Protein chains: 2
Amino acid sequence: MTLSKQEMPNQNYLCETEQTLHYEIEEQVMQLFASSSQTTSIEDKIDNIIHDLSQEFLSTVNANTDIDINSLLGKFCESKIPLEPANFESYLQDLGKNVITHSIHTSSPQFIGHMTSALPCFVRPLAKLMTAMNQNAVKIETAKALSFCERESLAMLHRLIYNFSDNFYVQHIQNNSSTLGILVSGGTVANITALWCARNAALGPKDGFGGIEKEGLAAALDFYGYKGAVIIGSELMHFSFDKAADLMGISTHGLIRVPTDCNNRVDIQALRQAVIECRAQNQLIIGIVGVAGTTDSGGVDSLSEIADIAQEAHVHFHVDAAWGGPLIFSEQHRHKLAGIERADSVTIDGHKQLYLPMGIGMVFMRDPHMAEAIEKQASYTMRKGSFDLGKRALEGSRPGMALFLHAGLNLLGLKGYEFLIDEGIRKTQYMADRICMMPEFQLLAEPDTNLLLYRYIPEPLRELVAKKQLTEIDNQLIDQFNERLQKIQRQIGRTFISRTTKTTVSFGKEIPIIALRAVIANPLTTEEDIDAVLNDQIQIASQFEISNFLEAIEKSV
Amino acid sequence: MTLSKQEMPNQNYLCETEQTLHYEIEEQVMQLFASSSQTTSIEDKIDNIIHDLSQEFLSTVNANTDIDINSLLGKFCESKIPLEPANFESYLQDLGKNVITHSIHTSSPQFIGHMTSALPCFVRPLAKLMTAMNQNAVKIETAKALSFCERESLAMLHRLIYNFSDNFYVQHIQNNSSTLGILVSGGTVANITALWCARNAALGPKDGFGGIEKEGLAAALDFYGYKGAVIIGSELMHFSFDKAADLMGISTHGLIRVPTDCNNRVDIQALRQAVIECRAQNQLIIGIVGVAGTTDSGGVDSLSEIADIAQEAHVHFHVDAAWGGPLIFSEQHRHKLAGIERADSVTIDGHKQLYLPMGIGMVFMRDPHMAEAIEKQASYTMRKGSFDLGKRALEGSRPGMALFLHAGLNLLGLKGYEFLIDEGIRKTQYMADRICMMPEFQLLAEPDTNLLLYRYIPEPLRELVAKKQLTEIDNQLIDQFNERLQKIQRQIGRTFISRTTKTTVSFGKEIPIIALRAVIANPLTTEEDIDAVLNDQIQIASQFEISNFLEAIEKSV
């Protein structure tokens with residue numbers, strides 16, 4: 001619509017209104033930025049509202065609300081940015097109603113299906129502190145004390161893994177030419193970083209050849225006389241290795257996934273064979289990966305045996321201990337990681353079993369000079385010889401997450417973490433025992449750590465399970481039942497268990513089956529909570545539409 | 001030392017002590033995790049201490065303390081994890097004394113040297129909320145409402161860039177097969193992600209060839225008949241592009257850095273020539289990069305002209321607008337980004353000019369299906385057809401940073417961000433004008449946005465500057481002077497300006513010179529603060545050891 005001349009508002013009037021709006025906006029914005037003493041009122045008000053919202057959220061027992069996904073997404077369909085600043089009170093009210101209420105209660109004691117759990121209370125005020133400090137860990141000029149604090153925290157974990165001499169740590173802990181570890185946003189970036197270092201080191205500068213960094217992958221393979229490059233590990237390697245293989249140009253076909261045994265550990269014979277075959281095919285083996293706690297089932301590879309193979313083959317040995325690394329805190333369970341100290345690089349996630357907030361991945365390096373293979377510089381920062389942590393890292397600007405790591409190591413201590421690890425594994429064993437005793441369930445593997453795979457068996461099929469006479473069709477029916485069960489359980493939202501697929505042997509044939517997957521990492525989860533989750537599943541199975549499936553099964557049996 | 005038999009403590013006694021210690025640890029740890037009502041006392045105590053520490057930190061005017069780097073790093077040399085949990089009060093006291101005190105006051109109005117600044121007050125309580133919620137944005141099962149909230153926030157910025165129809169957004173905003181943008185940890189990962197998509201799309205599956213993802217870079221180049229692959233952009237491209245080129249296997253030599261003009265914009269003729277040459281050499285051009293706000297100087301390339309070149313060449317056009325992207329909020333300055341709407345992908349950082357905490361990078365895609373080129377799946381999650389955001393992303397587990405983005409867009413609004421952008425550029429112009437008026441300084445380029453390059457000219461050389469008669473040796477002396485000046489200023493810690501290198505022409509020859517670099521992005525910075533920073537530099541220049549340099553210069557003149 002175009003306004004005719006006489007309808008157009010007075011030009012001066014418009015300008016005046018605009019001017020007034022401009023001042024209002026300026027005032028509103030500057031109030032939000034005003035230095036602390038002046039903002040006390042607004043920030044305190046927001047803080048109070050958020051405190052209440054947080055407390056309510058944290059004290060909710062249910063894993064989730066039962067809102068339907070389509071109704072939920074309907075609340076988030078606005079593609080236009082609001083013109084003017086919203087009133088913070090009504091904004092927070094909406095946030096509570098639409099976002100917080102329908103978020104997953106990852107701290108709920110009966111949410112035992114993923115690797116997110118309750119966190120120690122100090123991380124919440126620390127998050128505020130980190131944001132108040134707004135350091136950028138990429139360089140010393142925006143993160144002075146924090147750069148050293150980060151190096152110290154990483155050195156502590158490095159020592160726990162490698163246990164080198166006092167002298168080693170004196171030499172490297174605050175030496176700007178050494179890198180004991182890199183703090184990254186998560187295990188994926190940690191794994192990619194480790195393999196990036198390994199690839200660049202294996203195809204480095206030599207005899208006038210500039211190295212892969214300067215000359216590229218194709219030229220480097222050519223110069224060194226390789227037909228291609230591969231990464232070898234268990235079939236249960238995390239999907240971040242697919243990303244690494246794709247990103248680094250060696251292809252997902254170059255990611256060789258070796259079969260595992262019934263306990264989800266890589267088959268050592270098959271691994272050795274894969275190495276021999278790659279060598280015979282003139283493939284560069286960039287790295288051999290050992291998994292310490294698979295995402296699927298928590299299984300820990302036999303790291304010592306993999307270390308032997310890597311050592312014999314003179315190949316980089318990387319351990320993805322994103323999940324299982326903290327077992328090293330436990331006197332009782334540490335032995336499961338034996339051999340990790342021989343790894344060239346190790347990934348550990350702080351946001352998993354170090355009970356720290358999301359966004360803390362770490363990669364540790366046996367050789368403090370390994371990260372030089374990926375070093376980059378920039379003139380406005382990242383200068384050679386500086387303490388800029390961003391010199392040797394995939395990421396650039398990043399938050400001061402080291403604050404959490406440092407606090408965790410100090411406020412929980414070795415013994416605190418040991419307790420948490422031991423308890424998780426103890427309770428997982430409790431759940432495994434319960435499952436074995438309950439006719440409704442079948443345990444699918446003895447747990448190595450604190451992940452558990454099991455499934456519900458509909459009544460008509462239980463006898464066949466006991467006799468090990470399930471056909472492939474029976475397994476398909478059980479699969480459908482369990483998938484449905486998990487979805488309904490998630491939708492109701494009282495409790496939560498995730499699901500995955502697992503390979504099993506049926507009449508001598510390997511088939512994939514659907515498994516329910518429990519992750520017992522929440523210190524608040526009690527044995528009663530575990531019982532409650534299992535009983536919830538039994539109750540769901542006996543009600544709802546699942547009964548239809550039962551009929552189908554009965555007919556087919 | 002080994003204890004002799006009679007010195008060894010009684011075995012039972014030891015066990016009892018151990019048992020007691022175990023219970024004490026258990027109690028301490030469980031207190032930290034106890035559900036909200038019970039922890040109120042501990043969490044509230046920590047919150048109070050941290051509140052005071054934060055407020056003190058935020059209200060400090062100086063950019064930094066003057067502690068010597070060696071004394072500081074000496075405080076962080078402990079490589080052993082404490083055995084038992086520390087007392088939180090003494091821990092926080094130490095944290096305050098060692099870490100917080102010696103951190104950079106990035107919110108100080110006189111810290112105008114890097115892209116970190118004061119943040120709006122709502123981000124601090126929100127950080128606590130995000131940590132309390134502990135969502136993992138990788139999948140819907142650990143981030144239900146948040147996944148949709150994130151998609152909505154990204155769609156809002158997508159619309160600001162591309163301004164497609166209502167219908168387009170209705171169709172894609174909450175469609176699990178569409179990706180309008182990806183939230184990542186920072187601009188580096190955003191740039192890498194964009195080029196990864198571009199590379200995989202350019203070398204995708206075809207005529208029985210599986211594509212680069214499955215077959216690798218060497219095979220893909222071979223199949224498509226390319227000699228190699230390159231990325232082309234300005235010489236001022238961020239160093240994340242070196243990382244991308246290295247990581248993706250195309251080599252840093254394959255990152256073609258085209259010269260810029262005196263205003264730090266890529267030379268369009270040279271860019272066009274580079275494209276022609278790469279074509280002639282049978283190189284695949286993965287992408288042409290336009291920079292909207294160089295890290296060095298804030299310069300914005302002529303995006304429309306680059307878009308023309310990319311379009312003619314049928315090449316992916318990526319815009320790194322990590323810094324300058326938010327100019328799009330400003331009616332007055334938006335025209336500088338003209339052409340950005342023709343980009344295939346755009347990087348914008350939330351933790352830069354959206355005034356949000358560290359850890360928020362974003363990449364936007366013109367084609368909602370572009371990200372399929374990097375899609376990965378995993379059985380325990382990331383299922384096809386799900387709303388799992390981690391399906392199409394470099395990173396895996398990640399925090400619910402969308403909370404900040406959503407709050408920023410709503411609580412500041414279009415007009416709020418416009419005000420912030422306009423103010424930054426207005427104050428930068430003020431600083432440029434001041435510098436031009438002051439005999440002590442030389443402005444090195446007219447600012448495009450809110451970065452400013454200048455340098456101090458020692459008195460004996462000022463006449464030569466005016467006459468444009470500086471020799472290369474004069475420039476070297478000025479370089480040494482400015483480097484020293486910047487280091488002393490940083491060390492004293494009252495104010496802060498960073499430094500970089502810039503190419504300049506001296507007697508027809510291109511030489512690199514050292515530049516002081518101001519970044520005016522802090523809403524708290526006033527014109528008086530800018531004067532204070534410049535006066536601080538003049539004062540430092542006239543005192544301290546710099547006077548020695550002056551003598552040297554006087555002798556040489």
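## Domain separation in chain A

In this predicted model, the C-alpha centres of domain 1 of chain A and domain 2 of chain A are 40 Å apart. Domain 1 spans 16-105 and domain 2 spans 421-555, with bounds taken from an automatic or database domain assignment.

## Interface between the two domains

Eight residues of domain 1 of chain A make contact with seven residues of domain 2 of chain A, contact meaning heavy atoms within 4.5 Å. The two domains of chain A bury about 430 Å² between them, and carbon and sulfur atoms contribute 38% of this area. Buried area is the accessible area (1.4 Å probe) lost by two parts on being put together, summed over both.

On the side of domain 1 of chain A that touches domain 2 of chain A, there are three nonpolar, three polar and two charged residues. In this classification Ala, Val, Leu, Ile, Met, Phe, Trp, Tyr, Cys and Pro are nonpolar, Asp, Glu, Lys and Arg are charged, and the others, Gly among them, are polar. Zero salt bridges are counted between these domains, a salt bridge being a side-chain nitrogen of Lys or Arg within 4 Å of a carboxyl oxygen of Asp or Glu. Five residue pairs, both residues at pLDDT 80 or more, are in polar contact across this interface. A polar contact is a pair of N or O atoms within 3.5 Å; within protein, one must be able to donate a hydrogen and the other to accept it, and residues adjacent in sequence count only if both atoms are side-chain atoms.

## Interface between the chains

Between chain B and chain A, 167 residues of chain B contact 167 residues of chain A. About 14,800 Å² is buried between these chains, with 67% of it on carbon and sulfur atoms.

Ten salt bridges are found across the interface of chain B and chain A. A:Lys128 is paired in a salt bridge with B:Asp47, their closest N and O atoms lying 3.6 Å apart. Helix H2 (residues 36-58) of chain B supplies the largest share of the side of chain B that touches chain A, twelve residues; helices are DSSP runs (H or I, at least four residues) numbered from the N terminus. That side of chain B comprises 85 nonpolar, 49 polar and 33 charged residues.

## Conventions

Residues are numbered from 1 along each chain as its sequence is written, and chains are lettered from A and ligands numbered from 1 in the order in which they are written. In this predicted model local features need pLDDT of at least 70, side-chain atom pairs count only at pLDDT 80 or more, and totals for chains, interfaces and linings use all residues, while side-chain values use heavy atoms, with hydrogens and water left out.

Methods:
Helices (H or I, at least four residues) and strands (E, at least two) are DSSP runs, numbered from the N terminus.
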